[in-house]
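Please open the structure in your viewer and keep the selection panel at hand. The tour goes from one selection to the next and says what can be found at each stop.

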Amino acid sequence: MKFLKISSILLISSSLLFGCSNSDKGAAPAKDQAKETTASSQDSFKEVTDEYREYAIGEIEEFVKATDAFTTAVKHGDIEKAKQLYAPARMHYERAEPIAEVFGDLDPKIDARAGDVSEAEWGGYHRIEKGLWEDNTTKGYEQYADQLMKDVNLLRAKVDTVEVTPDLLITGAVDLLNEVSTSKVTGEEDRYSHTDLYDFAANVEGAEKIYQLLNPALQKKDAELSKEIQTRFANVYSLLEKHKNGDGYKVYTDLSKEEVKALSQAIDALAEPLSQIGIVTEAS
Amino acid sequence: MTTGNNNLEKSSTETKKISRRDVLKTAGIGGIGVLIGASGFGGLLSITESKATDTVQNDIIPFYGKHQSGITTKTQDHVYFAALDVTAYEKPALVKLFKDWTEAAALMTEGKPVGELSSNEFLPPKDTGEAAGLSPSNLTITFGVGPSLFVKDGKDRFGLKHRRPKELVDLPKFPLDALEEEWTGGDLCIQACADDPQVAFHAVRNLIRIARGKAILRWAQPGFQRTKQADPKGETPRNLFGFKDGTVNPNFKNEQQLNKQVWVQPGDGPNWLVDGSYLVVRRIQMFIEVWDRTNLREQENTFGRYRDSGAPLGQSNEFDKLDLKSKKENGEYVIPVDSHVRLSHGDGSQQILRRAYSYSNGMDVKTGSFDAGLLFLCFQRTPSKQFIPIQKRLAQMDKLNEYTSHRGSAIFACLPGTIKGGYIGETLFN
C-alpha cells in the first residue's frame, strides 16, 4: 500500500505559503503542491473514508427514524414513551458527531444545552429533555418537536455533501473522546434526564469505529500502539458494562464519585495513545 | 500569480482566527487549503519558539548520579508533589514506565522538552510546551515507591513482595490524625522541585501524561516558599504562621552526617534501596485564622522560638543551641514542655532532613476559611527511628496541634540514583 509522506510535504508547502505573503514568487508552486497533497492523501485512504462516510450516513439515517418516533411521542403527549426514546435516539447522533458537527448551524439547533444559545433560540433535544424531566410535560413543546424534526431532516440531506477527509477521521476520533472528557464525564450533557452514559458510550463507539477503520494501516505502522489502543477501549467498555441497566444505562447521578473518576481516567488513558493515530499518514 | 498571492494572503489571515476545532468543522466543506495554512503556520511558530530553550544553560541540577537529586539539593522555591496509583497489571509495563520517566526527567532537568516536535502535524506535540524558553530553574525530579506497590489488599502485585523493606510500611496512626483518603497513600510519587512554579508543574504534567494507561494521579499538591528574588540572603524560610521553619537540618555538604541520617546504607535492608532514602509526606492543614488571633507570647511559647529572630526562647540568635534545662523564676522551663521545638528535638538523637513547603489551595468551601498549610516533606534513613518517634511525641502533646490538623500522609522509598543509560528503579525491578 502506498503511503504519502504527507506531513513533510505539508510543512514544505506551508513554509512556502508563509514566506509568500510578501512575495509573488513561489506562490503558484505552493498552491499546486497543496493540491497534490490533498489528492494523493485522500486517494490512499479512499476506501477508509468511503467506509466511514457510509457508517456516518447510516447512523444519521437511524437518527432520523429515532427522532421521528421521539418527536411523535412528544406531540402525542406520551411523556413516558418520549422519555424512553430520548437517550437511545441521541446515541446515533453522538456516534456520528465528527460528521454531524460539520454543520455548524444545525448542531446547536439539534443539540444545544441550556445556556449554549439564548433562551429565545434554544430548541432541540435538550429543550425537550427539560420539558420531559423537569417540567414533566409535553405541553408547549410540540413546536420544538416540529422544529427538531425539520432540522434533523435537513441534517440528513446535507450529510450527503460532506467530504470525508483523512484528517477529519484522525481529529474526529480524539475529539469524540474529548467530548466525553469535557461534557459527559461532568454530567452536564443530559442535566435533566441524567442519561449521560448513553452519550458517553456512543461517543466511545464512534471513536472505536474510526480506530477500526484506520487499524489495518496502523497495524503496519505500529502494531504495539494498535494493541495498546485496543486494550484501553476494552478497559473503558468493561467499566461501562458495570453501569448497565438492562439494555440501557443507569442514571448518571447513581454513580459514585470514585466511579466517575475511574471512567474519566480510563478515557484519558485511551485518548492519549489514540491521539497518536495520525502516524498512519506517514510514509512506511 | 497575483490572484494566487491574494488567496494565500487571505488564507494566512484567516489562519489566525481559526481554532483547531473550527478547522475540523470546516475541513470537510472548505477543503484542505485552509487546513494546511492553519497547521503550517502554527507549526512554524512553535518550531521557532522551541529553539529558544537551547540557549539557556544555567540553573541545572544534574539528574544522573549516585543519589537522586531533590533530596540533598538546596531547597528550591517551589514544589509540585504528586502521588500516583499504578493501573498496569504487569511488571514489564512498570519497567517501561520508569525507563520513559528517567529519559524524560533527564531532559526536563536540562530545560529541554521531553520530545522534539514531530514533522507530522497530525500528531499532538510530545512536550506540552509551557516550559519552552524557560530556564531549567534548578528543576529536580525525585521518584519514590510506596508500600502498596509491593502488596495491595494482600496481593503481591508485581512479584515484588519479597523485596519490600521492613521500613516501607504505612505509618502508624498517630493521636489526632485526621487523615483523609483523598490526601493519603500512593503506589508511586513524583516530587518536582524548581525555582519556578510553571517549570515544576510542567515536569509533573508531562510525567503523568507519559504514565497514562499505566498509572493515574491519586493526589497532588503544589507548594511554595519565598522566592530567591524576595530573599537574596537566603535566610531560613518562614511558614504561614510567620515562624522560621527548617532551622535545624543536616548539613547538605556533610557526607558523613548524610550517610548516617539520610541515605540508606548497605545492611539496612534490601540492597536495591542502598543510596536511596525514605520520604515521609504529611499534608498539614494550618488554621491560620485561629493562629492570627493568638497573642504573641502564646505563639512564641507554642514554637519555643521568637518569631522575629527565630532564636530559641532565652537565646538571641536563630542558630543558638537549644537550652532545654533553663527554668524561669516560677519554676517553668524557658522553653515550655509542650513547645514544638522541645518535642521535635527530644533527646537530640533523631534527626530528619526537612524540605517543607507551604501551600494555599484557595478557600475551604465548608468553612469559608483559607485552605492553607504545610506540605511537610522529610527524608531519612530509617523512619522507625527518625520520623515516627518524633511524630509520636509531637502528636501526644505538641501545643501546635491546637492550630493544625494532619489531613494527608504517605511514605515512599526514594530510589537510588542512576547513571546515563540506566534508569531509576533498575535496582528494584531487575
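**Chain B.** Keep in mind throughout that this is a predicted model. If you look at the contacts in chain B between residues at least 6 apart in sequence, 76% of them join residues at least 24 apart.

**Phe243(B).** Now centre the view on Phe243(B), which sits in the loop between strand 6 (215–224) and helix 7 (255–261) of chain B. Is Phe243(B) buried or exposed? Phe243(B) counts as buried because 23 other C-beta atoms lie within 10 Å, where the cut-off for a buried residue is 20 or more. Leaving aside residues up to four places away in sequence, you can show the residues that Phe243(B) touches by selecting Arg238(B), Phe303(B), Arg305(B) and Arg307(B). Of these, Arg305(B) is 62 residues from Phe243(B) along the chain, while their C-alpha atoms are separated by 8.2 Å.

**Helices 3 and 10 of chain A.** Move to chain A and select helix 3 (residues 46–75) together with helix 10 (residues 196–221), whose axes come within 10 Å and cross at roughly 155 degrees. The two helices are therefore roughly antiparallel, since angles over 145 degrees count as such. Helix 3 of chain A passes helix 10 of chain A in a right-handed crossing. To display their contact, show Val48(A), Glu51(A), Tyr52(A) and Tyr55(A) in helix 3 of chain A, which meet Lys209(A), Ile210(A), Leu213(A) and Leu214(A) in helix 10 of chain A. The residues of this contact divide into six nonpolar, no polar and two charged.

**Helices 7 and 8 of chain A.** For the last stop, select helix 7 (residues 124–134) and helix 8 (residues 142–159) of chain A, with axes that come within 9 Å and cross at roughly 155 degrees. That angle makes helix 7 of chain A roughly antiparallel to helix 8 of chain A, and their crossing is left-handed. Here Gly124(A), Tyr125(A), Arg127(A) and Ile128(A) in helix 7 of chain A meet Tyr144(A), Ala145(A) and Leu148(A) in helix 8 of chain A. By class, this contact has five nonpolar, one polar and one charged residues.

How values were computed: Residues are numbered from 1 along each chain as its sequence is written. Chains are lettered from A and ligands numbered from 1 in the order in which they are written. This is a predicted model: local features need pLDDT of at least 70, side-chain atom pairs count only at pLDDT 80 or more; totals for chains, interfaces and linings use all residues. Two residues are in contact if their C-beta atoms, placed from the backbone, lie within 7 Å. Axes are lines fitted to C-alpha atoms, for helices over the stretch in contact, and angles run from 0 to 180 degrees between N-to-C directions. Helices (H or I, at least four residues) and strands (E, at least two) are DSSP runs, numbered from the N terminus. Angles under 35 degrees count as roughly parallel, over 145 as roughly antiparallel, 65 to 115 as roughly perpendicular and the rest as oblique. A crossing is left-handed if the near helix is turned anticlockwise from the far one by less than a right angle, and right-handed if clockwise. Ala, Val, Leu, Ile, Met, Phe, Trp, Tyr, Cys and Pro count as nonpolar, Asp, Glu, Lys and Arg as charged, and the others, Gly among them, as polar. A residue is buried if 20 or more other C-beta atoms lie within 10 Å of its own, exposed if 12 or fewer, and partly exposed in between; C-beta atoms are placed from the backbone.
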